Structures are given as C-alpha cells and as structure tokens.
Amino acid sequence: MIRILMRGLCAAALALTPLANPAPVHAAETLPLAEAVASLQPAVESRDGYSRSAFRHWNTGDEPADGCNTRNEVLLDEAVEPPEVGDGCRLTGGRWWSYYDSTWVRSASGLDIDHMVPLAEAWDSGAYAWTSARREAYANDQGSPVSLVAVTARSNRSKSDQDPAEWLPPVADVHCRYVVEWVGTKLRWSLTVDEVEVAALNQVAQSCEGWSVTYEPAA
C-alpha cells in the first residue's frame, strides 16, 4: 500500500514538500524543537472518567477494502522486510525494527502498536472533551507517520501510559527522535502539557540541537 510519508524515518527529516496549488487546508508546519515545545499549551491534567474503551481501536484502517485493520496496516507500512499477507490479513514472516530498544523483530506477534501519546495521556490532555468519533480518529491515526509506531511488546508495556517526565526509551540515542515525535503528536491534536511534562521535554531538547518538529494539524 502507498503512503504519502514513509514510517520510521528520523523525525527531524519529516518535512513535507509544499504543494504549489492549491494550498492544503491544514498546512504542515515545521518548528525548531525548543520553539515547538514552547508552543504547547499548558494545563492541569485530570484522568477523571477515563476508559480505554472510549477510544475505539483497531478499526478497519485507512483502506477498508484491504481486509486489514489499523494494527496490521501499520505493521505493513513499517516492515523493513514485508511479511506475507494471508486470508483475513494474517501476517507471516517479515522483519521490523523497534527503535525504542534497538531490536529487530521477526514476527508480527512480537510487536505492539504504540500510541506515541498514550490514550490515557491524550484523555488527560484534552481528549476527554472530544466526540467519540474524534477519539476513534485519534486512536487509529495514520495521517501522521509518528502517531502510531510498531515496537516490541516489552518496550510498549514498559512505557504504558507514561509521559516523557516518567519514561523515555531505554536507548538514549533515540531520545531526541522520541521527544520530537511526542511534541509533534501533541501539536497535531492540540493536546496540552502539564508542568512536569514540559520541564522534561525542555530538558531533553537542550541536547537536541538542530532537531525540528514537523506536524500537520488533524482535521
């Protein structure tokens, strides 16, 4: 399947080529990382009323006719070596790179699809006020190459619903990329940040000279 952007590219290189005519309704914007962090809206977070079931996933994905749900579409997009696709979109073989922990994975069953900003964190940061349709769109967002990421099950479960003040990938070399993708996702969906979270983002950003955030606001 064809995607406008390839998944798994370093977030610093996620610049979109401007469209000449007409201009997109939701134009992509690129900001230096420190400036992107500063543009996040601060707010006090609350998890009151949260339920994972408020975010319907995985749905039929971007291409319902392919018989694959969102999870499998992401796996197909991110495969370094494509798997075979059988009946019911059953995936066999293939190879993936889990960037959180620098691990090769050779079976789709060994991977989780991580929401870059976890569902609970999204709820805390503004999704509590969304319609159920918008929460479903968020939970299945393939319109950005960084909203959903295939990683080892152990790294995803280690992260759980924590923000960067509480958890960063175990591989320090990818912290800049991770924070860029976190900030880009929050900006894409107009999600807020709390005081401790933004302090952690700024701390990482100090070591990420030259990194930038490219995001396109969600419709």
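1. Ground rules. This is a predicted model, so local features are described only at pLDDT of at least 70 and side-chain atom pairs only at pLDDT 80 or more, while totals for chains, interfaces and linings use all residues. Numbering starts from 1 along each chain as its sequence is written, and side-chain values use heavy atoms, with hydrogens and water left out.

2. The overall layout. The protein has seven helices and eight strands; helices here are DSSP runs of H or I with at least four residues, strands are E runs of at least two, and both are numbered from the N terminus. Of the 219 residues, 49% are buried, where buried means under 20% relative accessible area, exposed means over 50% and partly exposed is in between, using a 1.4 Å probe and protein chains only. Among contacts between residues at least 6 apart in sequence, 73% join residues at least 24 apart. A contact is a pair with heavy atoms within 4.5 Å.

3. The main core. The largest nonpolar core has 38 residues. By that I mean a set of buried Ala, Val, Leu, Ile, Met, Phe, Trp, Tyr and Cys residues joined through side-chain atoms within 4.5 Å. Leu 33, Tyr 100, Tyr 138, Val 183, Leu 201 and Val 213 have the most contacts inside this core. Elements giving two or more residues to the core include helix 1 (33–38), helix 4 (132–139), strand 7 (148–152) and strand 8 (212–215). Helix 6 supplies the largest share, seven residues.

4. The second core. There is also a separate core of 13 residues, with Ala 79, Trp 96, Val 105 and Ile 113 among them.

5. Tyr 138 up close. Setting aside residues up to four places away in sequence, Tyr 138 touches Phe 55, His 115, Val 117, Pro 118, Leu 119, Ala 122, Trp 130, Thr 185, Trp 189 and Leu 191. Tyr 138 is also one of the residues with the most contacts inside the largest core.

6. Helix 6 against helix 7. Helix 6 (residues 175–188) packs on helix 7 (residues 195–205) at an angle of about 135°, and the axes are 10 Å apart. The axes are lines fitted to C-alpha atoms over the stretch in contact, and angles run from 0 to 180 degrees between N-to-C directions. The two helices are therefore oblique to each other; under 35 degrees would be roughly parallel, over 145 roughly antiparallel and 65 to 115 roughly perpendicular, with the rest oblique.

7. Handedness and contact residues. Helix 6 crosses helix 7 in a left-handed manner, meaning that the near helix is turned anticlockwise from the far one by less than a right angle. On the helix 6 side the contact uses His 175, Cys 176, Val 179, Trp 182, Val 183 and Lys 186, and on the helix 7 side Glu 197, Leu 201 and Val 204. The contact has six nonpolar, one polar and two charged residues. In this classing, Ala, Val, Leu, Ile, Met, Phe, Trp, Tyr, Cys and Pro are nonpolar, Asp, Glu, Lys and Arg are charged, and the others, Gly among them, are polar.

8. Helix 2. Eight of the nine residues of helix 2 (residues 70–78) are buried, so this helix is largely enclosed by the rest of the structure. Note who is in there: Thr 70, Arg 71, Asn 72, Glu 73, Val 74, Leu 75, Asp 77 and Glu 78 are the buried residues. They pack against strand 3 (91–92), strand 4 (96–98), strand 6 (111–115) and strand 7.

9. Backbone spots to look at. The peptide bond from His 57 to Trp 58 is cis, with omega near -10°, and Trp 58 sits in the loop between helix 1 and helix 2. Cys 89 has a positive phi near 60° without being a glycine; it lies in the loop between strand 2 (84–85) and strand 3 and is buried at 4% relative accessibility. Ser 160 also has a positive phi, about 55°. Ser 160 is in the loop between helix 5 (153–159) and helix 6 and is partly exposed at 40%.

10. Two loop residues. Ser 39, in the loop between helix 1 and helix 2, is 148 residues from Leu 187 in sequence but 8.2 Å away C-alpha to C-alpha. Beyond its neighbours within four places, Ser 39 contacts Leu 31 and Leu 187. Ala 127, in the loop between helix 3 and helix 4, is buried at 0% relative accessible area. Leaving aside neighbours within four places, Ala 127 contacts Phe 55, Ala 122, Arg 135 and Leu 191.
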